[in-house]
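Subject: Structure for you to look at

Hello,

Here is the structure I said I would pass on. Please open it beside this email while you read.

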Amino acid sequence: MRFEHETLAQRVCFTPGEAPATVRAEVQRLGGSRVMVIAAATEADLAERVTAEVPVVLRHDEVVMHVPVESAERARAAAAAHEVDLLVSVGGGSTTGLAKAIALTSAIPIVAVPTTYAGSEATSVWGLTEGAHKTTGVDARVLPRSVVYDATLTLSLPVAMSVASGLNALAHCVDSMWAPRTDPVDQALAGEGIRALAAGLPAVVADPAGLDGRERVLYGAYLSAVAFSSAGSGLHHKICHVLGGTYDLPHAQTHAVVLPYVLAFNAPAAPDAERRIAEAFGSASAVEGLQGLRDAVNAPRALRDHGFDEADIDDAVDAILEVVPANNPRPVTSHGLRGLLRAAWQGTDPLTTVGEER
Ligand code: NAD
């Protein structure tokens with residue numbers, strides 16, 4: 001066994017029901033005296049509750065998915081004008097993403113309080129969109145110094161969004177098994193992430209107001225993001241990155257739909273990953289495990305339900321082919337990728353439509 005694994009320096013606090021006190025303690029620990037709170041308008045109530053006890057100089061709610069450059073510039077200017085020395089983000093991946101965009105150019109530390117299962121808070125990956133082009137990068141300055149996980153903050157997340165967001169986390173786990181820098185530590189984290197998500201998501205659906213399922217999903221989401229941050233973007237993330245950035249598709253739902261098709265595509269060529277994923281699901285095969293979970297939680301089924309146009313498939317194939325990871329377990333041809341995208345667009349059975357090259 002020979003590998004190099006980098007562990008990111010971040011403090012993680014799991015304190016159910018105690019976010020206000022934990023955030024206050026983290027702000028004090030980091031010496032924040034002029035705090036900018038970032039939360040979308042829909043997250044403002046949660047943010048007010050969570051930041052009631054910290055020295056806030058500015059509340060900023062212009063949050064847009066995939067962080068358009070212009071909104072990042074406005075947020076950076078506002079932070080500078082108010083001499084902000086600490087950012088507290090309270091919200092989903094879009095909100096965390098805006099805080100990261102400010103930190104990227106200012107190095108202002110972030111305390112992240114996630115309210116979805118996107119996992120951005122545990123990665124040093126930033127993303128910005130200019131026109132229809134999304135750029136991502138890795139920078140230590142954008143990694144939140146502290147993350148405060150409080151599952152009670154996800155109770156208001158509607159069930160359908162909880163499912164899509166949890167499957168986005170699951171996609172981090174699955175892709176981490178074969179991503180460019182994958183190593184045994186990432187794979188162990190991803191396996192435990194799959195176990196937590198596979199147990200937690202059905203519990204959220206069965207009892208949306210209960211904490212047990214939501215805590216498990218939050219824990220799984222954290223593990224998934226740590227694995228993903230270390231392993232890098234595999235084929236699944238490259239596909240979703242192009243779809244989300246170019247066609248403005250909803251992030252979590254796109255991941256939720258595309259995942260079984262990438263798994264069915266890669267699994268025959270990645271037996272170790274296939275076995276690990278199947279074991280984590282406790283099922284005979286990886287795809288069977290994923291499909292069983294998707295059925296149980298009524299997962300999003302087809303890209304055509306989420307704004308993707310059939311006429312864009314060919315252009316998307318061309319754009320994705322340029323960014324396919326060189327180490328993908330199965331060679332990715334234009335024909336294979338077109339079949340994968342068409343199946344995901346239609347929502348057909350992944351095994352019969354993309355399992356073998358036709
Ligand atoms: P989101 O942040 O856009 O949130 C979706 C919707 O849910 C929004 O309207 C939001 O206000 C609302 N919401 C959030 N929390 C809520 C709550 N508890 N109750 C009720 N409503 C709530 O979506 P997302 O899927 O969390 O994040 C997607 C974005 O995150 C994308 O831009 C994606 O690229 C980015 N992302 C980045 C990374 C990374 O490592 N950099 C990882 C994952 C996702």
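The model is predicted, so local features need a pLDDT of at least 70 and side-chain atom pairs count only at pLDDT 80 or more, while totals for chains, interfaces and linings use all residues. Residues are numbered from 1 along each chain as its sequence is written, and side-chain values use heavy atoms, with hydrogens and water left out.

The ligand site

There are 22 residues around the ligand, and those that come nearest are Thr42, Ser94, Thr115, Thr116 and Thr123. A residue is counted as near a molecule or strand if one of its heavy atoms lies within 4 Å of it. By class, this shell has 8 nonpolar, 11 polar and 3 charged residues. For these classes, Ala, Val, Leu, Ile, Met, Phe, Trp, Tyr, Cys and Pro count as nonpolar, Asp, Glu, Lys and Arg as charged, and the others, Gly among them, as polar.

For serine 156, the distance to a nitrogen atom of the ligand is 2.8 Å. On its own the ligand has 860 Å² of accessible area, and the protein covers 84% of that. Areas come from the Shrake-Rupley method with a 1.4 Å probe; for residues, only the protein chains shown count as cover.

Which elements give two or more residues to the shell around the ligand? They are helix H4 (93-106) and helix H9 (251-266). H4 gives the largest share, 3 residues. Helices (H or I, at least four residues) and strands (E, at least two) are DSSP runs, numbered from the N terminus.

Why does the ligand lie between domain 1 (11-154) and domain 2 (159-355)? Both domains give residues to the shell around the ligand, so it lies between them. The domain bounds come from an automatic or database domain assignment.

A hairpin

Strand E6 (residues 125-130) and strand E7 (residues 133-138) run antiparallel and are joined by 6 bridges. Two strands pair if DSSP finds at least two bridges between them. Leucine 128 stands opposite threonine 135 in E7, and glycine 127 stands opposite threonine 136 in E7. In a regular strand the side chains alternate between the two faces of the sheet. E6 and E7 form a hairpin with 2 residues between them, and glycine 131 in the turn has a positive phi of about 60°.

Positive phi outside glycine

Glutamate 83 is not a glycine, but its phi is positive, near 50°. Glutamate 83 sits in the loop between helix H3 (69-81) and strand E4 (86-91). Its relative accessible area is 58%, so glutamate 83 is exposed. The terms are as follows: buried means under 20% relative accessible area, exposed over 50%, and partly exposed in between (1.4 Å probe, protein chains only).

Aspartate 248, also not a glycine, has a positive phi of about 55°. Aspartate 248 is in the loop between helix H8 (235-247) and H9, and it counts as exposed because its relative accessibility is 61%.

Two buried residues

Is threonine 154 buried or exposed? Threonine 154 has a relative accessible area of 0%, so it is buried. Its place is the loop between strand E8 (146-149) and helix H5 (159-176). A polar contact of 3.1 Å joins its side chain to that of tyrosine 117. A polar contact is a pair of N or O atoms within 3.5 Å; within protein, one must be able to donate a hydrogen and the other to accept it, and residues adjacent in sequence count only if both atoms are side-chain atoms.

Leucine 235, in helix H8, is buried because its relative accessible area is 0%. Leucine 235 and tryptophan 178 are 57 residues apart in sequence, and their C-alpha atoms are 8.6 Å apart in space.

Two exposed residues

Methionine 1 lies in the segment before strand E1 (11-14) and is exposed, at 91% relative accessibility. Proline 184 is 183 residues from methionine 1 along the chain, yet their C-alpha atoms are separated by 8.7 Å.

Glutamine 28, in helix H1 (residues 19-29), is exposed at 59% relative accessible area. Glutamine 28 and isoleucine 38 are 10 residues apart in sequence and 18 Å apart in space, C-alpha to C-alpha.

Regards
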